[in-house]
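Hi there,

Here is the structure I promised to pass on to you.

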Amino acid sequence: MYASYTPDEYTVLHIELQNKYRCAEYSLDGPKYCYRPPGTTKHIQLNSANLGAWATAIQNKAATITCPPRNPEFDFLLNGPAKRSISSKSDHVQMASNNPTIVPIYLPPPVYLDRSFETPRKHRNMHRTIDYHTDIMASPAFGRFQSQEYRTVALEAFLEWCTNKFGDDEFKAAYAQLSKHKIGVDLIAETDISTFETKCGLTYGTALQLKKLLPKWRATL
Ligand SMILES: [Zn+2]
């Protein structure tokens, strides 16, 4: 079985990135991956989703192994909101979604979910962070789904929602392909339609619908 397994380009890139950025300094609870911007002593820690996005960007010619992609996710990682990059006992900068305790706003208690009882303004005021919108842009949250669920239960829920909306089973069938390529709901927006077509065998229309429907589904969470 294993002898005949040929990893695809995405997997190879993902592994290459892991090998290049595996951090020697902080590896007590498993390997960590840090991008170290040239000329700095910073460790920008990369989680599996970050590495995946980076690998996809390389495939799309939007990055190289040594040059990270430029998009909101990575701009946030590399630059961060000023106040966060200054703070910290260690110089490890972690992406917010990786550490829910820093940004509890992504995981509101269930009582907040029923927005019919709140005006939007009141809802906003419950969050003390002034960076609310910036943070949401930089690190998209999907309701109460945890980041490790983005390419499993969240993806399944999204595709089921699409299936029900259009009565088209291709969405449901896409689950196996998307999850195989580790394209979770967090990566759909930045994945090219051509990637969905060539890697996942989706039709153009379905791929386009996935990208269009994602924000609508997210708004229902
Ligand atoms: Zn490090």
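Below is what I found, starting with the whole chain and then turning to two places in it.

Please keep in mind that this is a predicted model. The chain has 221 residues, and 29% of them are buried. Its secondary structure amounts to 10 helices and three strands. Read from the N terminus, the order of the elements is α-β-β-α-α-α-β-α-α-α-α-α-α. If you take the contacts with a separation of 6 or more, 55% of them join residues 24 or more positions apart.

Leu13, His14, Leu17 and Tyr21 of H1 are buried. These four lie on the same side of H1, because they cover an arc of only 100 degrees around the axis. Val12 and Asn19, on the other side of H1, are exposed. The cover over the buried residues of H1 includes strand S1 (33-35), strand S2 (43-46) and helix H2 (48-59).

The other place is where helix H7 (residues 153-166) and helix H10 (residues 204-220) cross. Their axes come within 10 Å, at an angle of roughly 105 degrees, so H7 and H10 are roughly perpendicular to each other. Phe158, Trp161 and Cys162 on the H7 side meet Gln209, Leu213, Leu214 and Trp217 on the H10 side. Six of the residues in this contact are nonpolar, one is polar and none is charged.

Methods: Residues numbered from 1 in each chain as written. Predicted model: local features only at pLDDT ≥ 70, side-chain atom pairs only at ≥ 80, totals over all residues. Helix = DSSP H or I, 4+ residues; strand = E, 2+ residues; numbered from the N terminus. Buried ≥ 20, exposed ≤ 12 C-beta atoms within 10 Å, placed from the backbone. Contact = placed C-beta atoms within 7 Å. Axes fitted to C-alpha atoms, helices over the stretch in contact; angles between N-to-C directions. Parallel < 35°, antiparallel > 145°, perpendicular 65-115°, else oblique. Nonpolar A, V, L, I, M, F, W, Y, C, P; charged D, E, K, R; others polar. Arc of directions from axis to C-beta.
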